[in-house]
Amino acid sequence: MRRWLDLAFGHPRKAALALGALAATGFAPLGFWPLTLLALAGLIALVRAAPHWKQAALIGWCFGVGHFTIGNNWIATAFTYQANMPAWLGWVAVVLLSLYLAVYPALAALAGWWARRNALAMALAFAGGWIVSEWLRAWVFTGFAWNPLGVAALGPFERPGLALLLPWLGTYALSGLIVLLAACWWAAAARGKRDGAGALLIVVPLAALLLPQLVSPPDRPGQQAYTLVQPDIRQEVLNDPAWFEWQFQRYAALSRPALQQGQRLVLWPESGVPDYLREGYPERYYLDTYGADPVLARQRIARAIGPEAMLLTGTVDLEIANGRAVGARNAVTALDGSATIRGGYAKAHLVPYGEYLALRWLLEPLGVERLVPGGIDFWPGPGPRSLGLGQFGKAGVQICYEIIFSGQVVDSTDRPDYLFNPSNDGWFGAWGPPQHLAQARLRAIEEGLPVLRSTTTGISAVIDARGVVRAHVPRHQAGRLDGQVPQALPPTPFANLGNLLPLGWAIALLVAALVASRRRAG
């Protein structure tokens, strides 16, 4: 590694770009986390060798460009389903987004470079800076928190791996821990000695990431029965009215109560119902759009799920002003077996350019459109809410992309019994769905709550409060899962403190770096 880095110092920006791409292979679906550690170790070496802060920032930025371009490649697939824009524009979007997201690794690189004169101080500052940079990435300009570095610490479906520390760290601090583990490999290479200390620096990260994968928490099913549906309705036909009746029959067939099955929660994905279920819209919206009366639509859904069921399903609600729709809500509607709406939730964290067109006044004349079909933008809801469903418990709802935002998924004043995450991942190729599932597992461990994911094409899953996938339906298969919702755990330290917890760890690391930097240069 040392010889390779010596050569790379002649072309540090190209090396950083390649290392960033390599680091992204630690995420799902590949899961090559040793390459992530190796790439981060290389990044630390490049940053330490930078002659001035501008070069260090540029190295971190180049790393980020490679990292986010590979990690977010699934975004390009979404453009293949938008007929009004060329498919190649998807890769332009991926690169442009990466050029922006790369700013955040650059900030972490600056923190590390500041403490470069002492090896320990540099490792601590780099980790603390990375925590802060990921936290910033999650909310600046509405945020894009996809693929935090800590997701590479997750184990296979049946084991949480090093992510079992999330209740005491939070996702962003887990990312900082990954940086510290990578710094061990950097330190081993920088020492250039084959001795016990060097061997320990190599072994510790491996042990930290491998030994927790031996932990397999026991199953803790609760009392609430569920039926979770994955209809496998492909994106090509999802919004085609000619297929709507076929879609409903698919849902109905997968949702019917089994023999001797009593009260149960039935879960359908985002985009689960094309009909408007709420009354009060101008008549033309029912007739011109889907041709279904809302009362009749609710009644036939109720017949499909049975009289003792409670359905949570993705729907679209309209905002009407002066007799016309001026906005829409990406919503979840709770519908009981008597065809009565018992509650609803509107998605709060919308996808820019997916569900609304930012800078519409500028981009629409240029032919740019949002990816979700329709001529009006979606409006955001008020934020995390728990739906009280009586004997069916309290459901926290996070629609699709919302589940990726650490510390933003639970109403802390009204803690739910479980989280429902309906999604349509049919847009996102082979890489997006497993990455989405991995991030839902992080939320389960952080909050100590089970997560139920119903998706149109997969991967649908039941995740317990320790992040173990207890049941799932693979991509591109139609199926249903039946069981009891796993038990929630008591509120975790993260559930109580939110992102104050990882920010506290960041401050501690940066203070420790400051103290260490006063020592003789390492």
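Is His67 buried or exposed, and why does it count as that?

Guide: Please keep in mind that this is a predicted model. His67 has a relative accessible area of 3%, and because buried means under 20% relative accessible area, His67 is buried. This residue belongs to helix 4, which covers residues 53-71. From there the side chain of His67 reaches the backbone oxygen of Gly20, at 3.3 Å.

In soluble globular proteins, nonpolar side chains tend to be buried together. In this model the largest nonpolar core has 115 residues, and the members that touch the most others are Val47, Phe126, Trp130, Leu265, Leu312 and Leu389. Taking Val47 as an example, and again not counting residues up to four places away in sequence, its contacts are Ala56, Ile59, Ala109, Trp113, Met122 and Phe126. Apart from this core lies another, of 19 residues, including Val229, Phe248, Val273 and Leu311.

A further feature is an open sheet of six strands in the order 6-7-8-9-10-11, with mixed pairing, whose edge strands, strand 6 (386-388) and strand 11 (469-473), each pair on one side only. Within this sheet, strand 7 (residues 394-397) and strand 8 (residues 418-420) pair in the parallel sense over three bridges, and Gly396 has Leu419 in strand 8 as its bridge partner.

Terms used. Residues numbered from 1 in each chain as written. Predicted model: local features only at pLDDT ≥ 70, side-chain atom pairs only at ≥ 80, totals over all residues. Heavy atoms only, no water. Core = buried A, V, L, I, M, F, W, Y, C linked by side-chain atoms within 4.5 Å. Buried < 20%, exposed > 50% of the residue type's maximum accessible area, 1.4 Å probe, protein only. Contact = heavy atoms within 4.5 Å. Helix = DSSP H or I, 4+ residues; strand = E, 2+ residues; numbered from the N terminus. Polar contact = N/O pair within 3.5 Å; in protein donor to acceptor, adjacent residues only side chain to side chain. Pairing = 2+ DSSP bridges.
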